[in-house]
Amino acid sequence: MTQARARNLLRDRRYRMFWLGQVTSTLGNQLTIVVLPALVVPSRGPSMFGLLLAVESIVMGVLLLLGGVVADRYSRSAVMAVSDVLRLVGVGGFLLFADWGPLLPLLFAAALTGAGAALYEPAHRAALAQVVEEDLRQQANAFDSATKRVGGLVGSLLAGLLLANISPPRTLVVDLVTIAISLVTLVWLRLPRVQARDQEEEEQGLRAVFAEAKAGLAEVRRRPWVSAVMLQGTAQVFFLFGPNYVLVPMVSQQRYGIEAFGWVSAATFVGSVLGSVAGAKVTSKRPGLWAMNALTPCLLTPVCLMADVPLWVFCVAMAVGSVGVGCFMVLWYTALQNEIPEEVQGRVFALEALASFGLQPIALAAAPVLVSLMGITPFAVLAMIVLLVSTYAVFIVPGTVRLATPREPETAPAGAR
């Protein structure tokens with residue numbers, strides 16, 4: 001990101017408020033992730049913590065498309081504010097019932113946080129395109145991505161510091177404060193709705209929700225390159241990125257010791273931030289080439305899983321792969337925001353999230369089983385093949401090279417340069 005563009009972005013008061021809301025939301029989410037097991041596991045056991053995560057994930061997955069429809073019908077800042085209200089009530093439920101009391105309110109609290117995430121994610125991605133002009137969106141997406149990475153790290157460190165000095169319930173109160181700050185910023189922002197009122201009120205009910213979700217799907221189908229990249233994400237999350245969440249900590253702990261995953265995580269974090277910065281600097285008219293080439297260093301992770309490399313090599317491989325993923329995400333989100341009409345972006349981002357991460361829970365559960373049946377080396381080789389084929393097969397589809405619908409016939413490149 002050039003200094004001039006960064007200054008232009010940060011001079012915008014609306015963007016600064018939008019960014020502040022994202023910072024506090026990220027901090028709050030990370031506090032919840034770290035503090036919740038400290039509350040639940042000692043009194044209710046690890047299986048209950050796993051059940052809460054499962055309920056939250058299932059509710060989010062089921063409601064994600066609805067969240068996209070709502071984000072396109074109403075003010076996106078208002079939708080994100082409602083999601084913060086749901087999170088406030090949900091985290092409040094964790095505070096009251098995590099370590100004692102009946103089970104049902106605790107499960108309901110997890111469902112509320114999942115519903116809040118389903119509303120927040122598509123609205124947040126689509127709202128950025130309303131807040132920032134088109135020529136600054138790539139920089140804004142890079143800043144957004146880097147903020148999430150840095151905020152996640154700071155949130156983890158803050159949670160650890162608070163847990164070491166005050167009780168878990170009091171730490172969760174700090175989490176409630178961060179959510180309240182995010183809510184205030186969103187109420188101040190007051191983005192206008194992108195649909196006309198008479199269009200919104202034309203139909204109500206479940207049938208209208210499905211009809212509008214189909215309209216979002218139709219926008220994706222009109223752009224085959226968007227569908228191709230979404231399917232690419234589905235394959236890669238199932239065979240590579242999802243299993244990595246299980247296999248990387250497992251292998252690093254077995255091979256290098258219990259503290260090794262901390263170093264691997266730090267390397268991944270640094271790579272993600274550098275990748276976001278790199279994504280902001282890409283000015284090519286063929287961003288698709290840059291985005292797909294950026295994914296190829298992810299091949300290093302399965303190589304390190306099957307080869308007994310030194311820990312520093314493992315860390316470097318994870319950092320380099322994360323640089324590529326960070327760069328890809330900036331270019332991909334910017335392309336969607338520039339290509340998809342504003343009035344359907346919420347639904348398209350909901351579909352993108354489902355395509356990319358809908359199978360991740362299955363991948364997390366299946367990876368250890370597949371590794372035990374196949375062995376780590378065959379599984380890693382399979383992941384590498386899927387990554388390479390899915391990454392470069394998308395160039396067959398017109399538009400992928402430029403991440404834009406072609407206005408004239410486009411020839412797929414003979415090879416990535």
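Trainee: Is glutamate 219 buried or exposed?
Mentor: Buried, at a relative accessible area of 14%. Buried means under 20% relative accessible area, exposed over 50%, partly exposed in between (1.4 Å probe, protein chains only). This is a predicted model: local features need pLDDT of at least 70, side-chain atom pairs count only at pLDDT 80 or more, and totals for chains, interfaces and linings use all residues. Residues are numbered from 1 along each chain as its sequence is written, and side-chain values use heavy atoms, with hydrogens and water left out.
Trainee: Which residue forms a salt bridge with glutamate 219?
Mentor: Arginine 222, with the closest N and O atoms 2.7 Å apart. A salt bridge here is a side-chain nitrogen of Lys or Arg within 4 Å of a carboxyl oxygen of Asp or Glu. Arginine 222 is exposed, at 55% relative accessibility.
Trainee: And what does glutamate 339 meet?
Mentor: The side chain of arginine 223, in a salt bridge of 3.2 Å, N to O. They sit 116 residues apart: glutamate 339 in helix α14 (residues 311-339), arginine 223 in the loop between α9 (206-221) and α10 (224-256). Helices are DSSP runs (H or I, at least four residues), numbered from the N terminus. Both glutamate 339 and arginine 223 are buried. Shared partners join Glu219, Arg222, Arg223 and Glu339 into one salt-bridge network.
Trainee: How many salt bridges in the whole structure?
Mentor: The search finds 10. One of them pairs arginine 87 with aspartate 84, at 3.1 Å, N to O. These two are 3 residues apart in helix α4 (residues 76-97), so about one helical turn separates them. Aspartate 84 is buried, at 0% relative accessibility.
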